[in-house]
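Here is a short walk through a protein model. Keep the sequence and the 3D view at hand as you read.

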Amino acid sequence: MARPDLDNDVRKLSVLVVDDHDVVHWGFRLMLTQQPWVERCLSARTGDEALALAERYSPHVALVDLFIGDESGPEVCARLRERSPETRVLLISGAGRISPQAARTAGASGFVSKDWPAADIARAVRMVGLGMTIFRPSEQPSGVPLSDRERQVLDLISSGATNREIAGSLHLSPHTIKEHTSALYRKLRARNRAEAVQRAQRLGLLG
């Protein structure tokens, strides 16, 4: 896609930042309020706060973290799009990834990583706010960074196998499987098997 001529576009945008991490939240707001094209920068730390602000102010674009506490960013995205159709959503994450297909299904117009330079993130916010999409074709739907063994364990969990059955299948001890399972829960921010599988599916980690 050709780069748009953003330098000559004088449209002002209102932006909603949805993130539950204080430092990240503050950093995004500081960065965005310094942009000459940002007319208003709203902030929310929960899905409900985001919905209330979207209904009241109809921001042009919402920058939504992939994980907001126990909430799913894609789910918040879908709810935002339902309540405020004119608000376009840009998903963002530090550790996680989401496939372009899953992001589009949730109603998002793009996905960016927190590892990107601030100027690139700001540009992506502006492009989405102006009606464009941001999906890097080179990015794979890799989800959260999982080891090969963790992916094997995740696949077996999704099939309904118990820890003992997984241990037998992978020729590992039940204790080792328990450690891998705990690591999966932590990375997926899940509290149990069902939630882990649900979030893995949403992130494109499972077929």
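**A guided tour**

At 37% relative accessibility, Arg45 counts as partly exposed. The model is predicted, so local features need pLDDT of at least 70 and side-chain atom pairs count only at pLDDT 80 or more, while totals for chains, interfaces and linings use all residues. Residues are numbered from 1 along each chain as its sequence is written, and side-chain values use heavy atoms, with hydrogens and water left out.

Stay with Arg45. Its side chain meets that of Asp22 in a salt bridge, at 3.2 Å from N to O. The two sit in distant parts of the chain, 23 residues apart: Asp22 in helix α1, and Arg45 in the loop between β2 (38-44) and α2 (47-57). A salt bridge here is a side-chain nitrogen of Lys or Arg within 4 Å of a carboxyl oxygen of Asp or Glu. Side chains of opposite charge can pair when their charged atoms come close.

Now step back to the whole chain. The protein has nine helices and seven strands. These are DSSP runs, numbered from the N terminus: helices are H or I with at least four residues, and strands are E with at least two. Of the 207 residues, 47% count as buried. Contact means heavy atoms within 4.5 Å.

How many salt bridges does a search of the whole structure find? The count is nine. One of them joins Asp19 and Lys114, at 3.1 Å from N to O. This pair also links distant parts of the chain, 95 residues apart. Asp19 lies in the loop between β1 (13-18) and α1 (22-33), and Lys114 in the loop between β7 (110-113) and α5 (118-129). Asp19 is buried, with a relative accessible area of 1%. Lys114 is partly exposed, at 23%. A network of salt bridges links Asp19, Asp65 and Lys114.

Another salt bridge joins the side chains of Glu55 and Arg83, at 3.1 Å from N to O. Glu55 is in helix α2 and Arg83 is in helix α3 (residues 73-83), 28 residues apart. Glu55 is partly exposed at 46% relative accessibility. Arg83 is partly exposed at 45%.

Which of its residues are buried? They are Ile166, Ala167 and Leu170. They lie on the same side of α7, because they cover an arc of only 100° around the axis. The arc is that of the directions from the helix axis to the C-beta atoms. An α-helix has 3.6 residues a turn, so residues three or four places apart point the same way. The buried residues of α7 pack against α6 (148-158), α8 (174-188) and α9 (193-202).

Take Ala167 from that group. Its relative accessibility is 4%. Beyond residues up to four places away in sequence, Ala167 touches Leu172, Ser173, Pro174 and Ile177. Ala167 and Ile177 are 10 residues apart in sequence and 6.1 Å apart in space, C-alpha to C-alpha.

In helix α8 you will find Thr181. Thr181 is buried, at 5% relative accessibility. Leaving aside neighbours within four places in sequence, Thr181 is in contact with Val153, Ile157 and Asn163.

Now look at two loops. Most residues other than glycine have a negative phi, and most peptide bonds are trans. His171 has a positive phi, near 60°. His171 lies in the loop between α7 and α8. Is His171 buried or exposed? At 73% relative accessibility, His171 counts as exposed. Ser58 has a positive phi too, near 50°. Ser58 lies in the loop between α2 and β3 (61-65), and is partly exposed at 28%.

Conventions. Buried < 20%, exposed > 50% of the residue type's maximum accessible area, 1.4 Å probe, protein only.
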